[in-house]
Amino acid sequence: MLRPRRESHPSLSVLRPVLMLAAALAAPMTQAATPSSGTVSSTSSSITYSAGPFLVPNASATAGTLSCNALSPCDDFKLSVSVPAGYEADHTLSIKVSWSNTAADFDLYVLDATGAVLSTAASQSNPETVLLPARAGNYTLRAVPFLPLGSSLSATASLQALPPPPPVSQFPAAAYDTFTAPEALNRRDQAGEPSIGANWKTGVALYQSNLSTYRVSFNDTSQPATATWLEKSSSTAVVSLDPILFTDSVTGRTFESQLAGKASLMSYSDGDGESWLPSMGSGINSGVDHQTVGGGPFSKNGPLGVLGPLTSYPHAVYYCSQDIADASCALSRDGGLTFGVAVPMYSLLQCGGLHGHVKVAPDGTVYVPNKGCNGQQGVAVSTDNGLTWSVRTVPGSLAGESDPSVGIGADGTVYFGYQNANGHPRVAVSRDQGLTWSDDQDVGYALGIQNVVFPAVVAGDADRAAFAFIGTPSGGNYQDAANFQGAWHLYVAHTYDGGKTWKTTDTTPNDPVQRGSICTGGTTCGNDRNLLDFMDITVDREGRVLVGYADGCVGACVQGGANSFSQVATIARQSGGERLFRTPRPVP
C-alpha cells in the first residue's frame with residue numbers, strides 16, 4: 001500500500017498557504033512549553049506542562065523528515081529522569097500530550113540526549129501517548145502541531161508501575177512448518193502485505209498479494225507435509241494500490257480486489273480461482289485507501305427489519321475503506337456482485353482513518369478494528385448489517401502504529417490483538433460485542449518480545465484463538481533504519497481457555513523474517529518498508545492455523561548477513577499442538 005506516514009487532514013491543503021504566509025507573525029504569539037523543563041524520579045513521579053496556542057501547522061514529516069523552524073514550528077520540553085539502575089524492570093515512562101479542540105491534531109516525538117528519536121506517536125489520536133522503559137537519562141519531548149487550529153496542548157510525563165506478568169499457560173506450545181512459494185511462480189518475490197483464505201469445501205488455501213493469487217494445496221501423507229503452489233490470478237488484477245483477498249470458508253467463495261482510487265477492481269471465484277466473475281467492486285462513494293473485504297451470516301437485527309440475501313448466496317459481503325475524513329462500509333446482498341451505498345463507520349473526531357480487516361461473527365455482527373480512537377484502540381461495530389455503527393474501545397489500550405486485528409469464536413467471543421504504544425503484543429477478550437473487555441495481557445512477555453508489527457488474529461471454537469505477529473526481543477525505535485539491529489521472527493500465540501492464558505511460539509526460530517528496521521510509515525519509508533503494512537491469518541476445516549506473510553530475509557541474511565529486503569510469499573502452517581477446533585468442521 002502506498003500511503004504517507006499518516007493521513008493528511010482534509011482542510012490542511014486549503015489552510016496551509018495562508019497559515020504559512022502568516023508564520024513569521026504568528027511565531028511570537030505561540031507560548032513555549034511552561035515550564036520548559038522538569039524532572040521525574042522515584043520519589044516525584046509526575047510532571048505536567050502546557051504550551052500554545054499554536055496557529056501554524058507543521059506537516060513536514062509527511063515528506064520523510066521532520067523539520068523544526070519558524071515556518072514549521074515545534075515545541076520542546078526537556079525532561080530528566082532520575083531513577084536507580086534496574087528501575088525499568090517494573091516501571092515504564094509514560095508521556096502523554098492532549099488538546100481541547102477535537103478537530104486539531106498534534107504529534108509527539110521523544111528524543112534521547114544525542115537527538116536520536118526513541119519513539120513517536122502520530123496516530124491522529126487525542127491524546128498521543130508514548131511508553132518507554134523507565135531508564136535514567138535526559139530526554140526531549142517534542143510536540144508537533146500537525147494541524148493545531150489555534151489550540152494549546154497540555155502534557156504529562158510520569159513514571160508508572162508495570163502490571164504484573166500474565167498467567168502462565170499450561171497448554172503445550174503449537175508447532176509450525178513453513179512453505180515458501182517456488183521460484184518459478186510469477187511475482188513470488190513481490191508479496192508484501194499478503195492475504196490468505198481457507199476453503200473448507202476443497203481444503204485448499206488461497207494466498208494473494210500484489211496482482212497475483214495463488215492456490216496452495218497441502219499433502220499431509222508425507223512427513224513433513226508438502227505444498228503445491230499454482231497461480232490462479234484474476235483478469236481484473238491489472239493495477240493496484242492496495243490488494244486484498246477474502247475467502248468465505250463456509251461458502252467457498254473467494255473475493256479478490258485491487259484498489260484503484262475510489263473504486264475497487266473486484267472479482268470472485270467459486271472454484272478456487274479456476275474462473276473469476278467481475279463484480280461492481282465497492283459501494284457508491286467508497287474511500288480511497290486501506291480497503292478490506294469480509295463476509296458472513298446476515299444479522300437478524302436492524303431498525304429497517306431483517307436484511308437478508310437477494311439471491312441464493314446466503315451470506316453478506318462487506319467492502320470497507322477509508323476516505324481521509326472518515327471510513328465507510330458497503331453491504332452486498334447478492335454475493336458480492338453489487339454493493340449498496342457506503343455507510344460511514346466513524347469520523348476523524350472518533351478514530352483515525354486507517355483501520356484493520358473487517359470480520360463477521362456467526363450472529364452477523366460486523367467488526368472493523370482501529371489502532372487509534374481518542375487515544376485508545378478499539379472496534380467499529382455494527383449489529384444491523386452495516387446500517388449503523390458504534391465505536392467501542394479497549395480500556396487501558398494505547399494507540400499504536402500497526403493496525404489491530406480481531407478473531408471471532410464460534411459463540412461470538414471477540415479476541416482483539418494489537419500492538420500497544422510500547423510496541424508489545426497484547427490481546428483482550430470481549431463476550432458482549434465489544435461493550436466490555438477482559439484478560440488484556442502481553443502475550444510476548446514470556447519470550448521477552450519488545451516490538452511487534454502486523455497483528456493478525458483468528459478464532460475457532462469459542463475458547464480457542466491464535467494471534468500472529470512479527471516480533472523481536474530488541475527494544476528501541478524499530479523504525480530507525482540507521483541504528484536498529486533487531487532480528488524479527490514470526491510468532492503465534494494460542495489460547496485454549498478463552499483468553500485466560502496464552503502460549504507463544506517462535507515459528508521461524510532459525511530463519512528471521514527481517515533483520516534491522518521495519519518501517520510502517522508509508523511513502524516516507526526507505527527500502528525497510530519491504531513488508532508493507534500487514535499480514536493475514538486463517539484456519540482450515542480441521543482447525544490448523546495458517547499465516548500468510550512475506551519473508552524479508554533470505555539467502556545470506558538467514559545466517560546473519562545483511563537484510564535482503566525481499567518479499568517472498570510464505571505460509572506458516574500449524575503442524576502440531578492443539579488445534580482451534582476440537583473436532584473438524586463438517587464439509588459445508
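Is Cys74 buried or partly exposed? Cys74 is partly exposed, because its relative accessible area is 22%, where buried means under 20% relative accessible area, exposed over 50% and partly exposed in between, with a 1.4 Å probe and protein chains only.

The structure is a predicted model, in which local features need pLDDT of at least 70 and side-chain atom pairs count only at pLDDT 80 or more, while totals for chains, interfaces and linings use all residues. Residues are numbered from 1 along each chain as its sequence is written, and side-chain values use heavy atoms, with hydrogens and water left out.

**Disulfides**

With a disulfide taken as a pair of cysteine sulfur atoms within 2.5 Å, the count comes to five. When the bonded cysteines of the protein chain are numbered in sequence order, they pair as 1-2, 3-4, 5-6, 7-8 and 9-10. Three of these links are set out below.

| Pair | S to S distance | Torsion about the S-S bond |
|---|---|---|
| Cys68 and Cys74 | 2.0 Å | about -80° |
| Cys320 and Cys329 | 1.8 Å | 105° |
| Cys553 and Cys557 | 1.9 Å | about -110° |

The disulfide of Cys68 and Cys74 is left-handed because the torsion about its S-S bond is about -80°, and Cys68, the partner of Cys74, counts as partly exposed at 36% relative accessibility. The link of Cys320 and Cys329 is right-handed; Cys320 counts as buried at 0% relative accessibility, and Cys329 counts as buried at 2%. For Cys553 and Cys557 the torsion is about -110°, so this disulfide is left-handed, while Cys553 is buried at 0% relative accessibility and Cys557 is buried at 1%.

**The second largest pocket**

A pocket is an open set of points on a 1 Å grid over the protein atoms alone, where a 1.4 Å probe fits and protein lies on both sides within 12 Å along at least five of seven lines; lining residues have an atom within 4 Å of a point. The second largest pocket holds about 770 Å³ of space, a volume being the space filled by probe spheres set on the points, which are joined across faces, edges and corners. Its lining consists of 37 residues, and Phe246, Ser249, Gly295, Lys359 and Val360 lie nearest its centre. Among the elements that give two or more residues to this lining are strand E15 (243–247), strand E19 (289–296), strand E23 (359–360) and strand E31 (451–459), strands being DSSP runs (E) of at least two residues, numbered from the N terminus.

By residue class, the lining divides into 21 nonpolar, twelve polar and four charged residues, where Ala, Val, Leu, Ile, Met, Phe, Trp, Tyr, Cys and Pro count as nonpolar, Asp, Glu, Lys and Arg as charged, and the others, Gly among them, as polar.

Definitions and conventions:
Helices (H or I, at least four residues) and strands (E, at least two) are DSSP runs, numbered from the N terminus.
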